[in-house]
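Visitor: Please take a close look at one part of this model, the place where its chains meet, and describe it with the criteria spelled out.

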Amino acid sequence: MSIVVDFRDAVVVFNGFPALAEASIEVRRGEIVLLQGPNGAGKTTLLRACAGLLPIVRGEASVLGVDLCVDRQSVRPRVGLLGHANGLFADLTISENVLFWAQMVGAKVAEVASTLQRFGIDGRLAEQKVMQLSAGQKRRCALACLVVRRAELWLLDEPHAGLDATARDEIDAIIREACAAGATVLIASHELERARGLATRSVSVVAGRVVS
Amino acid sequence: MSTQLSLGRVARAVAAKDLRIEMRSRVVVNQVFPFAGLVMVMFAFALDNDDVLTRVAGGLVWLATLFSLIVIIQRSFAVDTADGALEAQRVAGLDPAGIFVGKALAVMVQLVTLEIMLFVAAVVLYRVQLHADGAVLLVTCVLSATAGLSLVGTLYGGLTAGSRGRETLLPLLMLPVVAPVLIGATRATESAFTSGGAAVSDGWPWVGVLVVFAAVFGLGGILSFGSLIEE
């Protein structure tokens with residue numbers, strides 16, 4: 001299995017503070033890796049650094065074969081980051097949100113339709129404005145956007161937050177399906193019991209360092 | 001694997017998305033247009049003199065446009081930042097220049113629609129007169145001034161989108177920068193209306209200023225918007 005994320009002694013400074021302090025982690029294609037650790041340990045920083053949003057000031061870091069120390073831009077179209085916000089346009093419908101991202105990668109309408117169906121947000125629900133949806137439906141819509149964007153690396157920050165048990169099960173099923181289809185997933189979560197059941201491996205992030 | 005898109009394709013998609021959001025929410029139509037109309041009426045009440053109103057009609061239209069621009073820009077970025085959609089576009093690696101051009105285009109369409117309404121209001125309320133040669137100048141002035149306003153507004157909207165107190169910061173930063181547009185567009189419009197004894201030909205040099213202004217900020221925005229919306 002090829003290496004998707006490869007950080008070696010990577011340092012990321014955020015607001016003048018080393019939020020990642022010589023962190024090292026290796027993630028292979030198809031893995032679901034759980035990042036666990038207390039608040040402020042650096043989990044979100046690690047995810048954002050993987051997305052190419054934060055500069056690596058020291059050490060080595062590559063994602064999907066792209067050296068983040070040299071080029072943080074070209075990896076972005078290949079990763080999907082879902083944080084506390086869903087990244088959706090509240091005034092547009094589910095199908096319009098997904099179609100917006102489909103346009104960006106030249107995906108066909110049929111691909112969008114099949115994704116909406118797979119995620120259970122098709123039919124009349126697809127024509128609902130995002131602002132009228134439940135938290136679980138919004139999350140499914142956001143994940144559908146990642147699928148049509150063809151993100152190879154999913155970076156999920158607290159994907160279960162604010163969802164009921166049914167919605168959490170649905171999200172887990174979507175993540176497993178994405179992995180089966182070839183995606184790699186990094187999850188930061190405090191819902192350890194649930195996330196451990198989903199992950200193929202878990203690592204701890206403590207004070208900006210990754211501990212296996 | 002994901003593919004990178006051209007500036008034009010991103011711009012078209014972003015502009016269509018922003019206009020669709022406006023068509024759905026009707027915030028600009030239901031709130032900004034009446035606000036601009038009210039400004040025109042309030043000016044009429046305040047000045048209460050037909051001669052003065054006819055003389056200053058151009059300036060009043062552009063002032064009402066500037067006030068409305070602030071609201072339109074804030075709305076344009078609010079829909080993107082409310083649920084992290086602007087960051088999602090950044091994370092997805094969409095060409096920032098495409099996002100800039102797309103958002104500016106959508107703002108421009110909304111502003112032109114607003115200005116048509118304001119000029120009709122000026123004819124009705126302020127009794128300005130427009131002849132054929134003045135109409136050509138007015139249309140050119142509206143297009144070039146609106147392009148400049150949209151581009152500057154989008155640039156400063158992006159700059160303030162992630163900052164605290166953006167509602168007050170945006171007008172504070174943007175209004176001084178658009179002063180040349182206010183001056184140029186007002187002079188060109190006065191010439192188009194031949195108010196205060198101005199000739200239509202006097203307005204064309206001001207249109208030149210507006211075109212240069214739009215070109216400078218268009219190029220500046222394309223080059224710098226990416227770093228403005230980066231962390």
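**The interface of chain B and chain A**

Guide: The contact draws 30 residues from chain B and 32 residues from chain A, where contact means heavy atoms within 4.5 Å. This is a predicted model, in which local features need pLDDT of at least 70 and side-chain atom pairs count only at pLDDT 80 or more, while totals for chains, interfaces and linings use all residues. Residues are numbered from 1 along each chain as its sequence is written, chains are lettered from A in the order in which they are written, and side-chain values use heavy atoms, with hydrogens and water left out.

Between chain B and chain A, about 2700 Å² is buried, 57% of it given by carbon and sulfur atoms; buried area is the accessible area (1.4 Å probe) that two parts lose on being put together, summed over both. The count between the two chains is five salt bridges, each a side-chain nitrogen of Lys or Arg within 4 Å of a carboxyl oxygen of Asp or Glu. A:Glu96 forms a salt bridge with B:Arg24, with the closest N and O atoms 2.4 Å apart.

On the side of chain B that touches chain A, the elements giving two or more residues are helix 1 (7–25), helix 3 (50–81) and helix 4 (85–91) of chain B, helices being DSSP runs (H or I, at least four residues) numbered from the N terminus. Helix 1 of chain B supplies the largest share of that side, nine residues. The residues of this side of chain B divide into 12 nonpolar, seven polar and 11 charged, with Asp, Glu, Lys and Arg counted as charged, Ala, Val, Leu, Ile, Met, Phe, Trp, Tyr, Cys and Pro as nonpolar, and the others, Gly among them, as polar.
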